[in-house]
Amino acid sequence: MKRRIIEIDQEKCNGCGACADACHEGAIAMVNGKARLMRDDYCDGLGDCLPTCPTGAITFVEREAAAYDEAAVLANKAQKLVGTAAPSGGGCPGSRAMHIRPADSAPAAAAEQPSRLSQWPVQIRLAPVTAPYFSGAKLLIAADCTAYAYAAFHEKFIRGRITLVGCPKLDGVDYAEKLTAILRSNDIKDLTVVRMEVPCCGGLEHAVKTALQSCGKLIPWQVVTISTDGRILD
């Protein structure tokens, strides 16, 4: 039968896994770091996954597809309830549980290290579009988890920069419009993106790229990737 069903553009997909989490029927799964429609008969065509995609990779199409099979969906859900101790998160690598064993060493200095944060608020969604501290600023846009993963985050990245943080997966928004307005309205000298190695952090990098392309300015920028065990990868 010909019906409405989703289609996922593999080129646009950044592997964040948000659509897999949003698909209550289990029709979408992560395969080799990309979202894929696994079974046509699991897709009800309602599109709960569409608004969660930060890159616009998911669209509706009309094509020949198996009819939605609610009984099969319910049976699949029941099967997944067996052994619920298994990791959740729609198959997204960023949600996979792991045990990290940090190096056992003495603190570098006995004195408490001072904070290098120079402004408030820091959340992208809460930050004003214009503020005096943006004038001539070196801007840091960081994924929430990076400050926890990288021990010297304040000294290495926050010091001397204006800091904005966010998580595209948990916030469920596309930051591109807000960041475009900030870049367009202020004299930003340069921009550093610090993200985790997990695919869902690609949504933050994509939003920054979109903002840089849309703001009408040439702003030097760089991306630094942090591993889940706290190393700088590039």
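Two strands count as paired if DSSP finds at least two bridges between them, and helices (H or I, at least four residues) and strands (E, at least two) are DSSP runs numbered from the N terminus. The model I am presenting is predicted, with local features requiring pLDDT of at least 70 and side-chain atom pairs pLDDT 80 or more, while totals for chains, interfaces and linings use all residues. Residues are numbered from 1 along each chain as its sequence is written, and side-chain values use heavy atoms, leaving out hydrogens and water.

I begin with the hairpin. Strands β2 (residues 28-31) and β3 (residues 34-37) pair antiparallel over four bridges. Within that pairing, alanine 29 lies opposite arginine 36 of β3. Two residues separate the strands, and asparagine 32 adopts a positive phi near 55°.

I turn to the interior. A nonpolar core is a set of buried Ala, Val, Leu, Ile, Met, Phe, Trp, Tyr and Cys residues joined through side-chain atoms within 4.5 Å, where buried means under 20% relative accessible area (1.4 Å probe, protein chains only). The largest such core has 42 residues, of which Leu139, Leu179, Leu183 and Leu191 touch the most other members. Elements giving two or more residues to this core include β5 (138-143), α6 (176-185) and α7 (202-214). A second, separate core of 21 residues includes Ile6, Cys19, Ile58 and Ala65.

Setting aside residues up to four places away in sequence, leucine 179 is in contact (heavy atoms within 4.5 Å) with Ile124, Ile141, Leu164, Ala207, Val208 and Ala211.

Notes. Buried < 20%, exposed > 50% of the residue type's maximum accessible area, 1.4 Å probe, protein only.
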